[in-house]
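Subject: Structure handover

Hello,

Please find the structure below, handed over for your use. My notes on it follow.

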Amino acid sequence: MEALIAQIQANTVLTVGIIFGLAAVGTAIGFALLGGKFLEGVARQPELAGMLQTRMFIIAGLLDAVSIIGVAMGLLMMFANPFLAALG
């Protein structure tokens, strides 16, 4: 039984690390694409810079929300692991 608990904890730690890493990489790629497209749009039509900037910040908030949800799920798995609760 103790070996099973240790195995579940080890796999949980690996999974949480992967979740955190993918959340960071996904957000970084999203911000890179968002920033590039914003600069491209402002370069093409400078008079729309204010409107584009507002929309860029809205999308940036949504990008952050996605990564924060991933981090929250990882922390849930780390500190309130449902697989360990099912054993016990």
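Over residues 56-80, what share of the chain is helix, what share is strand, and how far apart are the end C-alpha atoms? The chain there is 96% helix and 0% strand, with 35 Å between the end C-alpha atoms. Please keep in mind that this is a predicted model.

Residues 56-80 are one of two stretches that UniProt, in an unreviewed entry, annotates as "transmembrane region"; the other is residues 12-35. For residues 12-35, the model gives 100% helix and 0% strand, and the end C-alpha atoms are 34 Å apart.

The unreviewed UniProt entry also lists a "domain: V-ATPase proteolipid subunit C-like" at residues 15-77. In the model this span is 94% helix and 0% strand, while its end C-alpha atoms lie 9 Å apart.

Now the helices themselves.

Helix 1 runs over residues 2-44. Helix 2 takes in residues 49-79, 31 residues in total. From first to last C-alpha, helix 2 reaches 44 Å, close to the expected 45 Å.

How are helix 1 and helix 2 placed relative to each other? They pack at an angle of about 175 degrees, and their axes are 9 Å apart. Because of that angle, helix 1 is roughly antiparallel to helix 2. Sorted by class, the residues in this contact are 19 nonpolar, eight polar and one charged.

Which residues of each helix are buried? In helix 1 they are Ile8, Thr12, Val16, Ala23, Thr27, Gly30, Leu34 and Phe38. These buried residues pack against helix 2 and helix 3. In helix 2 the buried residues are Met56, Ala60, Ser67, Gly70, Gly74 and Met77. Their cover includes helix 1 and helix 3, the latter at residues 82-87. As background for reading both lists, an α-helix has 3.6 residues a turn, so residues three or four places apart point the same way.

Two single residues are worth a look.

Gly17 sits in helix 1. Its relative accessibility is 42%, so Gly17 counts as partly exposed. Gly17 and Gly74 are 57 residues apart along the chain, yet their C-alpha atoms are separated by 8.0 Å. Gly74 is one of the buried residues of helix 2.

Leu76 belongs to helix 2. With 43% relative accessibility, Leu76 is also classed as partly exposed. Between the C-alpha atoms of Leu76 and Ala10 there are 15 Å, and the two residues are 66 apart along the chain.

Regards

Terms used. Residues are numbered from 1 along each chain as its sequence is written. This is a predicted model: local features need pLDDT of at least 70, side-chain atom pairs count only at pLDDT 80 or more; totals for chains, interfaces and linings use all residues. Side-chain values use heavy atoms; hydrogens and water are left out. Helices (H or I, at least four residues) and strands (E, at least two) are DSSP runs, numbered from the N terminus. The expected span of a helix is 1.5 Å times one less than its number of residues. Buried means under 20% relative accessible area, exposed over 50%, partly exposed in between (1.4 Å probe, protein chains only). Contact means heavy atoms within 4.5 Å. Axes are lines fitted to C-alpha atoms, for helices over the stretch in contact, and angles run from 0 to 180 degrees between N-to-C directions. Angles under 35 degrees count as roughly parallel, over 145 as roughly antiparallel, 65 to 115 as roughly perpendicular and the rest as oblique. Ala, Val, Leu, Ile, Met, Phe, Trp, Tyr, Cys and Pro count as nonpolar, Asp, Glu, Lys and Arg as charged, and the others, Gly among them, as polar. UniProt positions are given in the numbering used here, feature names are shortened, and annotations may be inferred rather than shown by experiment.
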